[in-house]
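Please keep the sequence and the structure in view while reading.

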Amino acid sequence: SETMNPGAAQSTAVRAPARAAPGTAAPAVATAARESREPQYVAQSDVTSRVPARSETPASAPTQDTVVVRRSSPSISVETIGPRKITIGKQATYKLVLKNSGDMAAADVVVNIAIPEWAEVVDAKSTAGLAEPAAAGENHQGLLWKLGTLGASAREELSLEVVPHKSQPFELDVRWSQAPLASQTTVEVQEPKLAISLEGAKEVAFGERNTYKLTLTNPGTGDAENVAITLVPLNPADGAPASHSLGVIRPGEKKTIEIELVARQSGHVTIQAEATANGDLKASLEEEVLVRRAALDVAITGSKMQFSGAPAVYTIHVKNSGNAPARNIRVACRLPQQSEHLASSNSATHKVESNMVQWTIDSLESGAELKLSTKCVLRAAGANKVEVSCVADGDLQQVAIASTQVNAVADLALEVADPSGPVPVGQDMVYEVRVRNRGSKGAESVDVVAYFANGIEPLSVEGGAAEIRAGMVVFRTIPVLDAGKDIVYKIKARAETQGNLRFRAELICQPLDTKLTQEEATLFYTDLPEAPAAR
């Protein structure tokens, strides 16, 4: 017998003599089996520990090499027991004993007994399996014992009845085979992963500070080493991205950092973050946030041209074109110098010392518009600017300006005052002529003439140089009568006849194409009527 190595065909041969002496018992021959163990091969895992350059959490200890699989092979031996000498034509009995002294079962065990063609196997019995002649094309000869599985420490037997038909020696060649053994185990391969999430408000107000939580998790099976997170500024002008080191994140672990963000632009902005770790691990996040902010649009409209002294109306339009309410709105309208405030809408207040009109509005919703108005008199000639400013919470401020060209004009007025009541004939009395410039510009080349009806003659003049003629007074031309100024002429005259006698004054200003006339009548009498007699 011999020991069988796994996966290889083995053989043992017993040489039989040509013939044995009749009646002589053949001694039993046994080939002792030698048992041996084949070398054991152990698969080992090779794990390299990487230590991050900078880490807040110490890296886990390197994985030690361990025995991951240990397998033993079956140890098969075969004993062939039978006579060394047999007689031609007589039946001889041989027994094959198959043993597995190992601690593992042998699978697909097949034993091939090589018997020459001139030796007849008249009977074959086995304790397990099936013994049958080898079929043609199986590359075997003689008898095949298909045993199947031979368990650990198991023993099976095959008994053969053989009749030789030739007188010549032959070799009882026994070979066996089994399925090759596989030494395998499952090696766990760990894979770290990174995931990133953001927790915080989806809508924020412009300029307000908001706190967000960035959470990094490792949903994998291995340690994520040298984890770092990079934040991209909301506004590219704010500088370069900021990075933070988080060290090692073990499987199932999470780490959270708080970030404070201040939105400096309105509308939709994107929070961007990227996490990296050893082994080209990456996880990125893009979260859109709506930044709400009010936006003020201010405009002022009014007359482009205005005459000095005439009322002017200005309309102020305030609109919130943003996506959030505007709070605590203050509107201020500065009127031009020398202008006079008349009235304003919406309960405005007017500060005389600064000539400022002011409004206060608690809030203005998104898309809403407010209309305000103010009325004043412009007196200064030239360009008059009306400036309006609008401010609100959140550093909102807008300014608008309206300009009005004010044209100054001379506005002359002529007034005549005659003696009051009836006047006796022959008594001196005084007529008063007043020339006034009510405009904003000086009046040039002003001529004044006084006319008396027949029966009245002028005697003297006060207030300016003049030429007295029969029934009239011609005053010297006034070169310039400044705006807001007046000249008063007094004419002394005497009536020579009685009756209602008229006095007329005329003003002519050629540059202004102005002609004014003022006329009055005075009753003159000689004798008073007698009173009726008393009864």
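Predicted model: local features only at pLDDT ≥ 70, side-chain atom pairs only at ≥ 80, totals over all residues.

**Second largest pocket**
- The lining of the second largest pocket is made up of 16 residues, and those nearest the pocket centre are Ala205, Phe206, Arg293, Asp393 and Gly394.
- Sorted by class, the lining of the second largest pocket comprises seven nonpolar, two polar and seven charged residues.

**Cavities**
- Across the whole structure, a search for cavities of 30 Å³ or more returns two, and the largest cavity has a volume of about 70 Å³.
- The residues that line the largest cavity include Val204, Asn210, Tyr212 and Leu234, together with Leu261, Val262, Ala263, Val269, Ile271, Val289 and Val291.
- At least two lining residues of the largest cavity come from each of strand 14 (209–217), strand 17 (254–262), strand 18 (267–277) and strand 19 (281–292).
- In the lining of the largest cavity, ten residues are nonpolar and one is polar, while no charged residues are found there.

**Cysteines**
- Taking a disulfide as a pair of cysteine sulfur atoms within 2.5 Å, the count for this model is zero disulfides.
- Cysteine 390 has a relative accessible area of 0% and is therefore buried, and cysteine 509 likewise counts as buried because its relative accessibility is 0%, the cut-off for buried being under 20% relative accessible area.

Terms used:
Residues numbered from 1 in each chain as written. Heavy atoms only, no water. Buried < 20%, exposed > 50% of the residue type's maximum accessible area, 1.4 Å probe, protein only. 1 Å grid on protein atoms, 1.4 Å probe; cavity = no way out; pocket = protein on both sides within 12 Å on 5 of 7 lines; lining within 4 Å. Nonpolar A, V, L, I, M, F, W, Y, C, P; charged D, E, K, R; others polar. Points joined across faces, edges and corners; volume = space filled by probe spheres on them. Helix = DSSP H or I, 4+ residues; strand = E, 2+ residues; numbered from the N terminus.
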